[in-house]
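Let's take a walk through a protein fold together, one piece at a time. Have the sequence and the 3D view ready, and follow along as we go.

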Amino acid sequence: MALPGAARANGDPASDVLPVAQVFLPYEAPISKQASEGLQKTVSEANKKGYKIRVAVIAFTGDLGTARSLWGHPQLYSKFLGSELAFAYSGPLLIAMPGGFGI
């Protein structure tokens with residue numbers, strides 16, 4: 001699946017995934033298939049029922065790409081990612097990091 005050049009160029013993996021998917025999961029985190037599928041199903045069902053949301057699970061600094069300075073600041077990263085996604089998605093965005101959550 002091709003993404004616009006601007007989305008690929010910014011170095012933020014979640015902003016590359018979330019325009020076309022409802023969930024971003026870390027590439028290298030040890031997340032079980034069952035947990036991954038469960039989260040994706042829950043988010044999909046919420047969207048189908050009118051509760052529009054995107055979710056990004058950020059497990060390591062590498063999951064932030066070039067936005068590593070936002071590690072440990074899920075609320076700030078949520079605002080940053082929301083602005084990155086504005087061309088394709090506007091709505092609630094939930095960020096989950098080891099140190100907390102941001103919306």
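Keep in mind that what you see is a predicted model.

S36, V43 and N47 are buried in α3. If you look down the axis of the helix, the buried residues fall within an arc of 40°, so they line one face of α3. Turn to the other side and you will find Q34, K41, T42 and K48, which are exposed. What hides the buried face? The cover over the buried residues of α3 includes β1 and β2.

Four strands form an open sheet in the order β1-β2-β3-β4, and their pairing is mixed. At the edges sit β1 (23-24) and β4 (100-102), each of which pairs on one side only. Helix α3, residues 33-48, packs on this sheet and touches β1 and β2, with its direction at about 160° to that of β2. As background, strands of a sheet pair through backbone hydrogen bonds, either parallel or antiparallel.

Let's step across the sheet. β1 and β2 (residues 54-57) run parallel and are joined by two bridges. Here F24 stands opposite A56 in β2. The next pair, β2 and β3, is also parallel, over four bridges, and V57 stands opposite A96 in β3. Strand β3 is mostly covered, with four of its five residues buried.

Which residues does F24 touch, leaving aside its neighbours within four places in sequence? Among them are P13, A14, V17 and L18, along with V55, A56, V57, I58 and D63.

Next comes another helix, α4, which lies across β2, β3 and β4 and runs at about 135° to β3. S78 is found in this helix. Is S78 buried or exposed? S78 is buried, with a relative accessible area of 5%. Setting aside residues up to four places away in sequence, S78 touches L93, I95, G102 and I103.

Finally, let's see how the nonpolar residues gather. In soluble globular proteins, nonpolar side chains tend to be buried together. Here the largest nonpolar core has 16 residues, and those with the most contacts inside it are L18, A56, I58, Y77, L81 and I95. The elements that give two or more residues to this core are α2 (13-17), α4 (74-85) and β3 (93-97). A56 shows how such parts meet: beyond residues up to four places away in sequence, A56 touches A14, L18, F24, L81, L94, I95 and A96. There is also a second, separate core of five residues, including V23, L25, V55 and V57.

Terms used:
Residues numbered from 1 in each chain as written. Predicted model: local features only at pLDDT ≥ 70, side-chain atom pairs only at ≥ 80, totals over all residues. Heavy atoms only, no water. Core = buried A, V, L, I, M, F, W, Y, C linked by side-chain atoms within 4.5 Å. Buried < 20%, exposed > 50% of the residue type's maximum accessible area, 1.4 Å probe, protein only. Contact = heavy atoms within 4.5 Å. Pairing = 2+ DSSP bridges. Axes fitted to C-alpha atoms, helices over the stretch in contact; angles between N-to-C directions. Arc of directions from axis to C-beta.
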